[in-house]
Amino acid sequence: MIAGIGIDIIELHRIAEMLERQPRLLERILTEQERAILERYNPDKRKIEFIAGRFAAKEAFSKAMGTGLGKLSFLDIEVTTNAQGAPVLAAKQLKGATCFVSISHSDDYAVAQVIIEKESS
C-alpha cells in the first residue's frame, strides 16, 4: 500500500549559487558517504547535478513522509546507489517501509520523486 508520495524540482544554478555563498553547505546537505560518492564525479557541472539531485530527493522524501524538512534534517536521509547505479534512499523514519526514489537531470534542473510503500495491515 502506498503510504506517501513526494516530488521536488530545483534549479541547478540555485545549488551552484548557494555553494558559492556557503561553502560548508555540503556538510549540511550531504552525509559523509554521499560526500565520498560526490568526490568521484567530474566535471563540476556533474557535481552540481549530483548535489541538486540529492537535495531534491531529500525534499521529496520529507514530502512523502508528510513532515517537510522542518521535522527532518538533510542528514537524517541518505541517498546512495545500488550496484547498478540506481539511487537508494535510507532513513530511520522509514521503520521497515520500502522507499522508491527516482532522480533525473536536465541542463537546468534536477527533479526527484519518492514513493513510500508499507505492507497492508
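Phe100 has its bridge partner in β5, and that partner is Ile115. The two strands here, β4 and β5, are antiparallel and pair over eight bridges, where pairing takes at least two DSSP bridges between two strands. They make a hairpin, with three residues between them. When I say helix or strand, I mean a DSSP run, H or I of at least four residues for helices and E of at least two for strands, numbered from the N terminus.

Before I go on, this is a predicted model, so local features need pLDDT of at least 70, side-chain atom pairs count only at pLDDT 80 or more, and totals for chains, interfaces and linings use all residues. Residues are numbered from 1 along each chain as its sequence is written, and side-chain values use heavy atoms, with hydrogens and water left out.

How confident is the predictor? pLDDT is its confidence in each residue, from 0 to 100. The chain has a mean of 93, and 99% of its residues reach 70 or more.

β2 and β3 run antiparallel, joined by five bridges. Glu78 has Ala90 in β3 as its bridge partner. There are five residues between these strands, and Gly85 in this hairpin takes a positive phi near 95°.

Back to β5, and to Val114, which lies in that strand. Buried or exposed? Val114 is buried, at a relative accessible area of 0%; buried is under 20%, exposed over 50%, and partly exposed in between, with a 1.4 Å probe and protein chains only. From Val114 to Ala60 is 54 residues in sequence, yet their C-alpha atoms are 5.8 Å apart. Leaving aside neighbours within four places in sequence, the contacts of Val114 include Gly4, Phe61, Leu89 and Phe100, a contact being heavy atoms within 4.5 Å.

Now for α1. Its buried residues are Leu12, Ile15, Met18 and Leu19. Down the helix axis they fall within an arc of 125°, so they line one face of α1; the arc is taken from the directions from the axis to the C-beta atoms. Glu20 and Arg21 are exposed on the other side of α1. As for what covers the buried residues, that includes β1, α2, α4 and β5. Take Ile15: not counting residues up to four places away in sequence, it touches Ile10, Ile48, Ile51, Ala52 and Phe55.

Last stop is Asp8, in strand β1, residues 2–11. Asp8 counts as buried, at 12% relative accessibility. What does its side chain pair with? There's a polar contact of 2.9 Å between the side chains of Asp8 and Lys63. A polar contact is a pair of N or O atoms within 3.5 Å; within protein, one must be able to donate a hydrogen and the other to accept it, and residues adjacent in sequence count only if both atoms are side-chain atoms. Beyond four places in sequence, Asp8 also touches residues including Phe55, Glu59 and Val111.

Notes. pLDDT is the predictor's confidence in each residue, from 0 to 100.
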